[in-house]
Amino acid sequence: METRRPTNPAAEEILGRYFPVLDHGFVALVDYMGSDEDVERAARVSYGYGTRKTSQTRGLIRYLRRHRHTTPSEMVELKFHCAMPIFVARQWIRHRTASVNEMSGRYSLMPLLFHRPDRTQVQAQSASNRQGRSGEPLDAIYGEVIERWERVRREASTGYEWMVGHDVARELARIDLPLSLYTQWYWKIDLHNLLHFLSLRVDPHAQYEIRAFAVVMAGMLQRVAPLTFEAWRDYDVEGTRLSRGELAALRRLVRVRDGRLEAQSGETLDATDIERLGLSNREVEELLGKLDEPGLPEDFTLDLSRARSPEDFAREMEEAVPKVDRR
Ligand SMILES: Cc1cc2nc3c(=O)[nH]c(=O)nc-3n(C[C@H](O)[C@H](O)[C@H](O)COP(=O)(O)OP(=O)(O)OC[C@H]3O[C@@H](n4cnc5c(N)ncnc54)[C@H](O)[C@@H]3O)c2cc1C
């Protein structure tokens, strides 16, 4: 039967296709409700499904985003099936505005699949960002790092297999499985809160491993609500907000005259001048970062050739589940 619900052909094309992330993870868009037109319909509280020009919808969506009129975007929802290491899930679950149903390690045997970071990802503790890593990959010790992880995993896996083999309750047998173990969940969120999640998690300050998921999900959003995606990228990802002090610094360099922007010729501000406007060292650094040449923009376009079937992942998970031989 043909549906009367609004659908988007680009989103239909990826529905139920599983996109690999990291070594054993995935994201699939399982379902969605609505698109850009539904944001507009809600904003205008309009009747029926009348068609509008894309340019009109685009203008409204960009206006709503700029002015943080967010409730119309809560009318659109997206539902994902995702598998990620538990340490990624712990960061992800902090986003409280989603509905989540995670696989149960009390009920099911856990697949013994662990995340093994690539050689390029094993870097030193960052000196400037206490929460992150930076610098060249630690090639010289990569092998040893992997071996140390593997040792813990082997020990944890054989302990788990032994316990479930001896009929120890699964809810207890699992308690020392490491954070690198993969878990999975269904995750449903409205468009407004998805954009908030994506803004925080595609940001370079987010941990690489959760970013990898957020980037794929942004590519899915691009197919569900392309105009919203475009506005989000322009205003939130590649745009920025400025504080009072930051604006004061910029107004020293450029001003508005007769409806035009005019450069204050010859004017320069060094870090001390900016600090005098009330910005801390850190804020000065951040302002320079905001105004520095932008790097290449992140390409969120989904690579359809990477998509795999759900059965493919189900098989991989199934094969990693302990084969229990109860005494
Ligand atoms: C780079 C980075 C580093 C982080 N480091 C840490 C860390 O070291 N330790 C740590 O514990 N967390 C850390 N977090 C998690 C962070 O503090 C947030 O918990 C997480 O990003 C979820 O954000 P949120 O609360 O805005 O999102 P959501 O939970 O999705 O909430 C969305 C919005 O709803 C509103 N909201 C939701 N619940 C409430 C509530 N109870 N009361 C009031 N308003 C509410 C808020 O406006 C909120 O912004 C980090 C996050 C990032 C991105």
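How much space lies in the second largest pocket? I found about 320 Å³.

**Ground rules.** I am working on a predicted model, where local features need pLDDT of at least 70, side-chain atom pairs count only at pLDDT 80 or more, and totals for chains, interfaces and linings use all residues. I number residues from 1 along each chain as its sequence is written, and side-chain values use heavy atoms, with hydrogens and water left out.

**Terms for space.** I put a 1 Å grid over the protein atoms alone. A cavity is a set of points where a 1.4 Å probe fits but cannot get out. A pocket is an open set with protein on both sides within 12 Å along at least five of seven lines. Lining residues have an atom within 4 Å of a point. Grid points are joined across faces, edges and corners, and a volume is the space filled by probe spheres set on the points.

**Second largest pocket.** I listed 17 lining residues. Glu 37, Arg 41, Tyr 49, Gly 50 and Thr 51 lie nearest the centre of this pocket. Helix 2 (36–44) gives the most to the lining, with four residues. I sorted the lining into three nonpolar, eight polar and six charged residues. (Ala, Val, Leu, Ile, Met, Phe, Trp, Tyr, Cys and Pro count as nonpolar, Asp, Glu, Lys and Arg as charged, and the others, Gly among them, as polar.) Helices (H or I, at least four residues) and strands (E, at least two) are DSSP runs, numbered from the N terminus.

**Largest pocket.** Here I read about 2500 Å³ of space. The lining has 49 residues, and Ser 199, Asp 203, Pro 204, His 205 and Val 237 lie nearest the centre. Among the elements that each supply at least two lining residues are helix 7, helix 8 and helix 9. By class I noted 14 nonpolar, 18 polar and 17 charged residues.

**Cavity.** I found one cavity of 30 Å³ or more. The volume of the largest cavity is about 100 Å³. Its lining includes Arg 65, His 69, His 192 and Thr 228. Helix 3 (54–66) gives the most to this lining, with three residues. Helix 7 (191–201) also supplies at least two.

I traced five strands in an open sheet, order 1-2-3-7-4, with antiparallel pairing. (Two strands pair if DSSP finds at least two bridges between them.) Strand 1 (18–21) and strand 4 (99–102) each have a single partner strand, so one side of each is left without a neighbour in the sheet. Strand 3 (residues 77–85) and strand 7 (residues 182–190) are joined by nine bridges. In strand 7, Gln 184 stands opposite Ala 83. I also saw helix 7 lying across strand 3 and strand 7, at about 130° to strand 7. (Axes are lines fitted to C-alpha atoms, for helices over the stretch in contact, and angles run from 0 to 180 degrees between N-to-C directions; contact means heavy atoms within 4.5 Å.)

**Helix 8 and helix 9.** Helix 8 (residues 208–224) packs on helix 9 (residues 226–237) at about 130°, with axes 5 Å apart. I therefore logged helix 8 and helix 9 as oblique to each other. (Angles under 35 degrees count as roughly parallel, over 145 as roughly antiparallel, 65 to 115 as roughly perpendicular and the rest as oblique.) From helix 8, Ala 218, Leu 221, Gln 222, Arg 223 and Val 224 meet Pro 226, Phe 229 and Trp 232 in helix 9. These contact residues divide into six nonpolar, one polar and one charged.
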